[in-house]
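Dear colleague,

Please find below the structure that I am handing over to you.

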Amino acid sequence: MSLSFSIARRTLLGATALAMVGGFAAAPQDGVVAIVGATVFDATGAEPYRANVVIRDGRIAEVGPEVRAPRGARIIRAEGKALLPGFWDVHTHWTPAGDPALTPEVATAYVQAGVTTINDFHQPPESFEPRRRWLESLTTPHVNFTARMSTPGGHGADWADQNTTRWANTPEAGRAGVQAIAPYQPDLIKVFADGWRYGQSADNTSMDEWTLKAIVDEAHKIGVRVVTHSVTVERGAVAARAGVDIIAHSLQDRVLDDATVQLIKESGTAYAPTLAVYEPVKPGQTPPANPDTPRFQQSLRKFGFALNNVKRLHDAGVLIALGTDAGMTGTPHGTSTLREMELLVQAGLTPTQALMAGTANSAQAMGMIADRGTIEVGKRADLVLVNGRPWEQISDVRNTHAVLIDGRVVHGLGARLAAANSQPTLPAVTVGAVIDDFTRADGRTNLNTLRVEDFDGGQDRSAQISQIITDADGKRILSVSARMSQKENPTAGVIFPMTRGSIVPADLSGYRGVKLRLRGDGKAYELRLRGLQGSWSAAVTAGSEWTEVEVPFSALTPVPTRGGGQGPAFDAGKIFDVRVGFVRDAGALGYFEIQQISFY
């Protein structure tokens, strides 16, 4: 196996044998753990070997067959078990539509699967800081936060505003987008560079090579890696020429040609094929009653290309990393990472090569191999113990016995999750009565949050402009106007988060309702509150003159659930945001102005 990083020497010290009490030494030495008798797959390229591992202060201090456990260390007996570096997943989405849906549940799913580092591609940069604080209270894998960029109307930019996915279709816009993202300290940037919708709609939104290269160059200046959503052979070549660090998806429209394989290899671009999200019939699913439908046949054909292409790239020497797109339909968090290794073996890689993809290769692709990804002295002690020999039978990765993150047992051996893992959200906080009077010079609300434009999704989207203006009396006003898209019931509006990034919920039980000074075109508007239990709305109207609108919480009615069912009664205890918006006819103009919005 060809590895581009050096194999560090293992420290060898003497043999060990200590009396055990419930799997651990009776008087543990603070910060010291000894794993005794494991068969170690260290992901350096060495053959598995029997060894002991000593961990101090969350780092691997000693590794070797003759290493002695320090007196008073916690001892983990691991005879007959395999010890591997913690698994990676470089492509996940911690979305409320995923399985599981809530952040603490997602964290738990990864920990229980032995996945100790992941990249999250879902959240807007505004949420990074509060999410990082939230993760500190959870038993969780390490999470790298990803900022997103796409073309206007492109994939990834078709469901949120630029606070979530920056738009760029010129090199100048690409560089400016990276500069706007930089203050949020992203761990990486994902660019939706390929507009091909898996052959189900036209590609009219792919990013040109000059723009992509400008993004990559600007990101590398600030030390941030770039991954792309690239799913066709042609766009894979564009990504490689632009110097992208990881292609995060399968190239699946045809078999890779030799020239593109060579180009990807020479560029140093890694490849994370996310086979788990493309598997035509996923674990637990029932095959279609009629497998001859064009859609299912297309899925089979694309998946065949995906399997073939990852093997071709691997054999050519391209670094294969592990990603899943978990959080998408039928791709659950945690178990999909393990499934991805099985699918890499199905594609023709050996179990050892699949394990390398899920450990050291992913760490190398992310530029973090000096810190983790192998079992070597000085590395972070992110480890997984499994029953079996997964380098011979890859499905043994599912036989998790124990998981350590930063040297601490977080799963198995009697470990308990943090209390916060059983709570759906962070504790609710109280917020001030004035949501926004539009007077802050930095453009943020009175609650110190960033307003979010909220207009209909899809490639054809309503064109919305939101701006703060000053009227003749010197009053500051939020003006929202839109030309509606050509679709049924197009929408436009603005969201006022209760806390930064809508991560921490607000407790509004001390208030009776929402009031705002509103004027508009005389048609109906909607006031909506979104909380942990659902969303609730009320219709309001306003003409060309300022109207004092008061909506008591008691007047809010549940917004129907996705399945068409009735939502729960209003719960003021955990509210994430307030929205004001409207529906207008296709192609029509719509607008409203707000002078102040607050609780009463």
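In which loop is G330 found? G330 lies in the loop between α8 and α9. Here helices (H or I, at least four residues) and strands (E, at least two) are DSSP runs, numbered from the N terminus.

Before going further, please note that this is a predicted model, in which local features need pLDDT of at least 70 and side-chain atom pairs count only at pLDDT 80 or more, while totals for chains, interfaces and linings use all residues. Residues are numbered from 1 along each chain as its sequence is written, and side-chain values use heavy atoms, with hydrogens and water left out.

G330 is partly exposed, with a relative accessible area of 35%. The terms are set as follows: buried means under 20% relative accessible area, exposed means over 50%, and partly exposed is in between (1.4 Å probe, protein chains only). Leaving aside neighbours within four places in sequence, G330 is in contact with K282 and Q285, where contact means heavy atoms within 4.5 Å. The C-alpha atoms of G330 and N387 are separated by 27 Å, and these residues are 57 apart along the chain.

D325 also has its place in the loop between α8 and α9. Although D325 is not a glycine, its phi is positive, at about 70°. With 8% relative accessibility, D325 counts as buried.

Two pairs of packed helices

Two packed helices are described by the angle between their axes and the distance between the axes. Axes are lines fitted to C-alpha atoms, for helices over the stretch in contact, and angles run from 0 to 180 degrees between N-to-C directions.

How are the helices on either side of that loop arranged? Helix α8 (residues 294–315) packs with helix α9 (residues 335–346) at an angle of about 80°, and their axes are 9 Å apart. The two are therefore roughly perpendicular to each other; angles under 35 degrees count as roughly parallel, over 145 as roughly antiparallel, 65 to 115 as roughly perpendicular and the rest as oblique. On the α8 side the contact involves F303, L307 and V310, which meet L343, L344 and Q346 in α9. By class, the contact of α8 with α9 has five nonpolar residues, one polar and no charged. In this scheme Ala, Val, Leu, Ile, Met, Phe, Trp, Tyr, Cys and Pro count as nonpolar, Asp, Glu, Lys and Arg as charged, and the others, Gly among them, as polar.

Helix α3 (residues 171–181) and helix α4 (residues 209–221) pack at about 30°, with their axes 8 Å apart. α3 and α4 are therefore roughly parallel to each other. The contact is made by P171, G174, R175, V178 and Q179 of α3, together with W210, T211, A214, I215, E218 and A219 of α4. By class, the contact of α3 with α4 has six nonpolar, three polar and two charged residues.

Two covered helices

Helix α1 (residues 103–113) is mostly covered, as nine of its eleven residues are buried. Among the buried residues of α1 are V106, Y110 and V111. The elements covering the buried residues of α1 include β6 (87–92), β7 (115–120), α2 (128–136) and α9. G114 follows α1 and has a positive phi, near 85°. In the loop between β6 and α1 one finds P100, and a cis peptide bond joins D99 and P100, with omega about -5°.

Helix α5 (residues 233–241) is mostly covered too: seven of its nine residues are buried. Its buried residues pack against α4, β11 (225–228), β12 (246–248) and α6 (258–267). G243, which follows α5, has a positive phi, near 85°.

Aromatic residues

Rings of Phe, Tyr and Trp (its six-membered ring) pair if their centres lie within 6.5 Å; planes under 30 degrees apart count as stacked, over 60 as edge-to-face and the rest as tilted. By this rule the count comes to twelve aromatic pairs. The rings of Y525 and F582 have centres 5.9 Å apart and planes at 85°, so this pair is edge-to-face. The pair links distant parts of the chain, with Y525 in strand β23 (residues 524–531) and F582 in strand β27 (residues 575–583), 57 residues apart. Both Y525 and F582 are buried. W196, Y198 and Y278 form one aromatic cluster.
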